[in-house]
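Welcome! Let us take a short walk through this structure together, with the sequence and the 3D view side by side.

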Amino acid sequence: MASETILVIGATGMLGEPVARRLVADGHNVKVMSRQISKVEATFAGSNDDDDDDDITRPHITCVQGDVSDLSSLQAAMKDCTGIHINLSGGEMESFGTLQVIKAAKRTKSSGATITGEDGTIRRISLISGATISKETTWYKGTKAKLEAENYLIESGFEYTIFRCTMFLETLPKWNILLGDQPTKWHWLAAQDYARMVSKSFTTPGAANKVLFVYGPGPSYTLSEAVNDFYIPICDPSRQPIQTIDSLEELRKMPSNEEYLKTSMSEKRIAKLNWLSKVHELGDPSEANDLLGAPTISLEEWCKDYRNQKN
């Protein structure tokens, strides 16, 4: 029998899907919410198949339609849930969406449930954030949104666990241009390790009301080192090495980028590159490792597994 029912908001993305699948593997029932029900159903198609087990009480995934801008749909999705994991991205959506989730959870609690988690009451909310978050870097919209989301949750009155994660290995295939020297070394983190830690947090009393820094096992590598020395040789040998541009002006002047830079999405990308050149990992992952078990998947191991999956 599943010990908890967890609602995962943002479950179809690069980091949300592994969390949902790990929660089920660890014995929890899971609800996954999306505005596009067909998308979430396609993502988790076959997740409940088990030819050797007809027990309907075994842990399973339920797909529900909902929108963080619609409090009534959020509240409906929270029915019978004891926990929520928030995995939103896209700048302001992170802060707005987190606030909406908290509002809906409070409505659920005030409708007759108790703070102890009985009768489907929300008793723990977890949130993904970033290891570079600080007040000094809120000039970047992404940081500002994450910090606002954290504060909303901390002040909500619910038990919370906030995961301040470093760079994810799953982003490696996306990096082809860097801005500036980018000397920062990162303890690259695998989504599978992160998902395991999130899942365990829901049954770990000591993880309540914690802001936890989550780093991969190391050693640490710069973006260029991770892509050029590991990802490309192991996963994509025909790809060109990552390109380093000295300045925003140089990037904008490149003829090959003229059309690309006209879109709003590319401007967001430029802003992120600019931000990335000025930040580094903060905090200490020791508490997260002690409470939830340290990540174990190395950069080289992840690349080899990624290559094998592609082939």
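Three elements, α4 (92-110), β5 (124-130) and α5 (141-154), each supply at least two residues to the lining of the largest cavity. Please keep in mind that this is a predicted model. Strand β5 provides the largest share of that lining, with three residues. To find the place on your screen, look for I86, N87, L88, E94, T98, L127, I128, S129, K146 and A149, which line the largest cavity. Five of these lining residues are nonpolar, three are polar and two are charged. The volume of the largest cavity is about 50 Å³, and the count of cavities of 30 Å³ or more comes to one.

Next, turn to an open space, the second largest pocket, with a volume of about 220 Å³. Its lining is made up of P18, E170, A191, Q192, I297, E301, W302, D305, Y306, Q309 and K310. Both α6 (191-201) and α11 supply at least two residues each to this lining. Which helix gives the most to the lining of the second largest pocket? That is α11, with six residues. Here is how the two linings divide by class.

| Space | Volume | Nonpolar lining residues | Polar lining residues | Charged lining residues |
|---|---|---|---|---|
| Largest cavity | about 50 Å³ | five nonpolar | three polar | two charged |
| Second largest pocket | about 220 Å³ | five nonpolar | two polar | four charged |

Helix α11 also has a helix partner to look at. Two packed helices are described by the angle between their axes and the distance between the axes. For helix α7 (residues 223-235) and helix α11 (residues 299-310), the angle is about 30 degrees and the axes are 9 Å apart. The crossing of α7 past α11 is right-handed. On the α7 side, the contact involves A226, F230, Y231, I234 and C235. Across from them, α11 brings L299, E300, W302, C303, K304, Y306, R307 and K310. By class, the residues of this contact of α7 with α11 are nine nonpolar and four charged, with no polar ones.

Now for the rings. How many aromatic pairs are there? The count comes to seven. One of them joins F163 and Y194 in an edge-to-face arrangement, 6.0 Å from centre to centre and with 85 degrees between the planes. Because F163 lies in strand β6 (residues 159-165) and Y194 in helix α6, this pair ties together parts that are 31 residues apart in sequence.

Finally, two backbone details are worth a visit. Most residues other than glycine have a negative phi, and most peptide bonds are trans. The bond joining G218 and P219 is a cis peptide bond, with omega about 5 degrees. You will find P219 in the loop between β8 (210-214) and α7. D80, a residue other than glycine, has a positive phi near 70 degrees. Look for D80 in the loop between α3 (71-77) and β4 (83-86).

Technical notes: Residues numbered from 1 in each chain as written. Predicted model: local features only at pLDDT ≥ 70, side-chain atom pairs only at ≥ 80, totals over all residues. Heavy atoms only, no water. Axes fitted to C-alpha atoms, helices over the stretch in contact; angles between N-to-C directions. Helix = DSSP H or I, 4+ residues; strand = E, 2+ residues; numbered from the N terminus. Left-handed = near helix turned anticlockwise from the far one by under 90°. Contact = heavy atoms within 4.5 Å. Nonpolar A, V, L, I, M, F, W, Y, C, P; charged D, E, K, R; others polar. 1 Å grid on protein atoms, 1.4 Å probe; cavity = no way out; pocket = protein on both sides within 12 Å on 5 of 7 lines; lining within 4 Å. Points joined across faces, edges and corners; volume = space filled by probe spheres on them. Phe/Tyr/Trp six-rings, centres within 6.5 Å; stacked < 30°, edge-to-face > 60°.
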